[in-house]
Amino acid sequence: MPALRPGPQSGREERRARRADLARFFGTWIRKPLSLGAVAPSSATYCATMAAAASTHLDGPILELGPGLGVVTRALLAKGVDPARITSIEYDADFARTLRERFPRVNVIRGDGFDLDQTLGDGGATRFAAILMAIPVVSKPQAERQALFRRYLDRLVPGGNITQLSYLVTPPVKPIEGVFEVSSTPIVWDNIPPARVWIYRKTAALAH
Ligand SMILES: C[S@@+](CC[C@H](N)C(=O)[O-])C[C@H]1O[C@@H](n2cnc3c(N)ncnc32)[C@H](O)[C@@H]1O
């Protein structure tokens, strides 16, 4: 199958590779709609918006959760992020295998992005400059989502943020006063369906 490689491709090859990915993604969605959470990979504009909003300018590794077939990973590389900084956790074994082929310098882990301590096996020690989150959370109760994001925020370096993919019109994880704040980018209309990037940061007094 033609791969969406990070290197240069002709326009025609690129379009063919995108169509192949779209078909593969859709086929996986038919079998596992809940874990995939989307019928199509995010659009190039959406991925660029997410990469631009992520606090990758800070020192430290970058964590991508739910990379799928690597569209956001590619946007991070296009932003100039060193692939050696990126750890991508993907639950789907086929997707993880493809990601390893496409991004040999990215640390791709096939595992559960909800349980970072288990999946990273680092005893909670690693602090990330940014977390880019695309795993669907809407099936979880709000209190569980907030607890999950508090754990993610504790994994960030000071000033770091979580950027989240979501089609919801209100924040998928509601802010907790004095703990973390939420903002968003404008809607990206060429995504299927249109979506925003939600941005989460620790409240200033706690951001150290
Ligand atoms: C909505 S898709 C996003 C894919 C890609 N980032 C994009 O924007 O097109 C969600 C991805 O999260 C993965 N996923 C679902 N549950 C997961 C989990 N617990 N841990 C890691 N990845 C998971 C799915 O396999 C899928 O690739």
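A polar contact is here a pair of N or O atoms within 3.5 Å; within protein, one must be able to donate a hydrogen and the other to accept it, and residues adjacent in sequence count only if both atoms are side-chain atoms. The structure is a predicted model, in which local features need pLDDT of at least 70 and side-chain atom pairs count only at pLDDT 80 or more, while totals for chains, interfaces and linings use all residues. Residues are numbered from 1 along each chain as its sequence is written, and side-chain values use heavy atoms, with hydrogens and water left out.

A backbone N or O atom of Gly68 lies 3.4 Å from a ligand oxygen atom. Of the 600 Å² that the ligand exposes when taken alone, the protein buries 95% (Shrake-Rupley accessible areas, 1.4 Å probe).

The shell around the ligand holds 23 residues, the closest being Leu36, Ser42, Gly66, Glu90 and Gly113 (a heavy atom within 4 Å). Two or more shell residues come from each of α2 (33–36), α4 (71–78) and β2 (86–90); helices (H or I, at least four residues) and strands (E, at least two) are DSSP runs, numbered from the N terminus.

UniProt, in an unreviewed entry, lists residues 62–160 as "domain: Methyltransferase", an annotation that may be inferred rather than shown by experiment. Over residues 62–160 the chain is 35% helix and 24% strand, with its end C-alpha atoms 10 Å apart.

A cis peptide bond, with omega about -10°, joins Ile192 and Pro193. Most peptide bonds are trans.
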